[in-house]
Amino acid sequence: MSTTPGPAAPEPAEHPAEDEKGGKGTDANVERFRALAELDPDDPKRAALRGDLVADHVDLARNLARKFDRRGDQLEDLVQVATIGLIKAVDRFEADRGNFYAFAIPTIMGELRRHFRDTGWAVRVPRQLKELHVTVAAGRNELSQKLGRAPKPSELADHLGLTKEQVYEALVASAAKQGTSLDARLAEPAGDRFGYEDDRLAEVDNRRALGPLIAELPEREQKIIVLRFFRGLSQADIARRVGVSQMQVSRLLAKTLERLRAALGEDTLAG
Amino acid sequence: MSEVETSPVARTNGVRDVEVRVWADAEQVPLLRSFAADIAMRLDFDLDAIEDLRMAVDEACSLLVRAAAADSALLCWFEPEEHGIRVRVRVDAEHGEPPSGDAMGWQILTALAATVTETVEAVDGGHRVTVELLAVPGPGEVDPR
């Protein structure tokens with residue numbers, strides 16, 4: 001872990017034991033941690049020192065929290081979780097172990113990971129089921145590679161040595177992993193949800209003209225167009241679903257678009 | 001978790017016919033979608049085919065919910081067959097506009113299911129609109145053309 005923030009104050013090494021821990025043996029905090037350990041738990045000075053130590057390292061917690069932020073949680077929530085980890089680190093750190101950061105970073109990371117393990121699910125699910133979900137997700141990837149298509153639940157069960165019921169449970173649980181607020185759903189404009197009213201009115205004519213043209217396309221071309229533009233699948237995914245090579249999907253798409261353009265008349269599509 | 005032994009009749013398909021009746025309301029659609037996915041899973045559809053059916057049922061129900069008369073019911077039948085599952089969704093509507101009138105919704109539906117048909121019948125005081133689709137367990141089972 002090379003993310004130790006702030007330069008450690010170059011302090012003369014008073015304690016040989018710290019030097020053995022390597023380059024960062026001269027942690028400026030060591031003295032304060034030693035003082036913390038020596039103070040009586042009921043001493044108000046202890047509480048104040050503890051608070052100072054936490055406050056002085058809150059940037060560390062914030063930095064680590066930021067690393068996990070991409071998963072879509074609120075950063076502030078993560079900072080709180082990381083801060084709890086930091087408080088634990090301050091409480092448990094033994095000054096003789098030398099470098100506080102070397103102890104605090106894994107402690108805070110552990111707290112963040114536990115947060116994701118226990119609360120990363122929108123719906124509370126027993127731990128055993130979460131582990132099953134991870135196993136099944138890994139098996140799905142392996143088998144997809146091997147079979148060149150999505151596996152069936154029975155194949156997953158065979159592959160993983162699970163019963164089909166266990167696979168079912170894991171699949172149902174993963175579908176529930178991200179809940180959607182009913183309010184959020186209601187707040188969505190209906191046009192968005194069903195994709196049928198387009199507020200870009202300038203395109204309406206083209207789109208209306210396009211409908212019958214698409215309907216006239218051969219079935220395979222139609223399917224490719226729908227998968228590509230309406231469902232946003234990649235060419236590789238389409239190739240897998242339609243059962244042709246990706247090159248062919250690419251060629252068919254180009255050809256079909258050309259055909260649609262020609263049928264609409266180039267000038268119509270100029271906009 | 002013990003596996004419950006099912007009767008031999010049920011075992012050929014694993015699942016028997018299912019009939020679900022909900023309010024014809026957009027909030028009920030996720031329920032039917034989950035039903036469809038669960039049944040497809042138990043019929044051993046591959047995972048992509050399960051997702052396809054989930055979306056197809058979502059689309060079919062959404063098309064019908066929009067057409068449905070106020071305070072009416074959405075009926076849904078899931079009928080496992082030898083080569084897949086047949087899903088029928090039905091509402092009572094005031095107007096007899098076919099669901100395929102929504103070109104994009106219909107395109108999505110036909111892309112997701114092996115076959116899709118619609119029927120509009122005149123009934124007392126309105127219309128009965130049905131969408132029927134057949135979904136298959138995955139590319140292993142069909143000629144991918």
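Visitor: Is the crossing of α13(A) and α4(B) left-handed or right-handed?
Guide: This is a predicted model, in which local features need pLDDT of at least 70, side-chain atom pairs count only at pLDDT 80 or more, and totals for chains, interfaces and linings use all residues; side-chain values use heavy atoms, with hydrogens and water left out. Residues are numbered from 1 along each chain as its sequence is written, while chains are lettered from A and ligands numbered from 1 in the order in which they are written. A crossing is left-handed if the near helix is turned anticlockwise from the far one by less than a right angle, and right-handed if clockwise. The crossing of α13(A) with α4(B) is left-handed.

Visitor: At what angle do α13 of chain A and α4 of chain B pack?
Guide: Helices (H or I, at least four residues) and strands (E, at least two) are DSSP runs, numbered from the N terminus. Axes are lines fitted to C-alpha atoms, for helices over the stretch in contact, and angles run from 0 to 180 degrees between N-to-C directions. For α13 (residues 219-230) of chain A and α4 (residues 103-112) of chain B, the axes are 10 Å apart and the packing angle is about 115°.

Visitor: Which residues of α4(B) does α13(A) meet?
Guide: Contact means heavy atoms within 4.5 Å. From α13(A), the residues A:Gln222, A:Lys223, A:Val226 and A:Phe230 meet B:Met104, B:Gln107, B:Ile108 and B:Ala111.

Visitor: How much area do chain A and chain B bury between them?
Guide: In the contact between the chains, 32 residues of chain B and 34 residues of chain A take part. Buried area is the accessible area (1.4 Å probe) that two parts lose on being put together, summed over both. Carbon and sulfur atoms hold 57% of the area buried by these two chains, which is about 3,100 Å².

Visitor: Which residue of chain B forms a salt bridge with A:Arg241?
Guide: A salt bridge is a side-chain nitrogen of Lys or Arg within 4 Å of a carboxyl oxygen of Asp or Glu. The rule finds four salt bridges across the interface of chain B and chain A. With closest N and O atoms 2.7 Å apart, the partner of A:Arg241 is B:Asp52.

Visitor: What is the orientation of α13(A) and α15(A) to each other?
Guide: The axes of α13(A) and α15 (residues 246-264) of chain A are 10 Å apart, at an angle of about 95°. Angles under 35 degrees count as roughly parallel, over 145 as roughly antiparallel, 65 to 115 as roughly perpendicular and the rest as oblique. Therefore α13(A) and α15(A) are roughly perpendicular.

Visitor: What is the orientation of α3(A) and α5(A) to each other?
Guide: The axes of α3 (residues 44-56) and α5 (residues 75-92) of chain A come within 10 Å and cross at roughly 130°. The crossing of α3(A) and α5(A) is right-handed. The two helices, α3(A) and α5(A), are therefore oblique.
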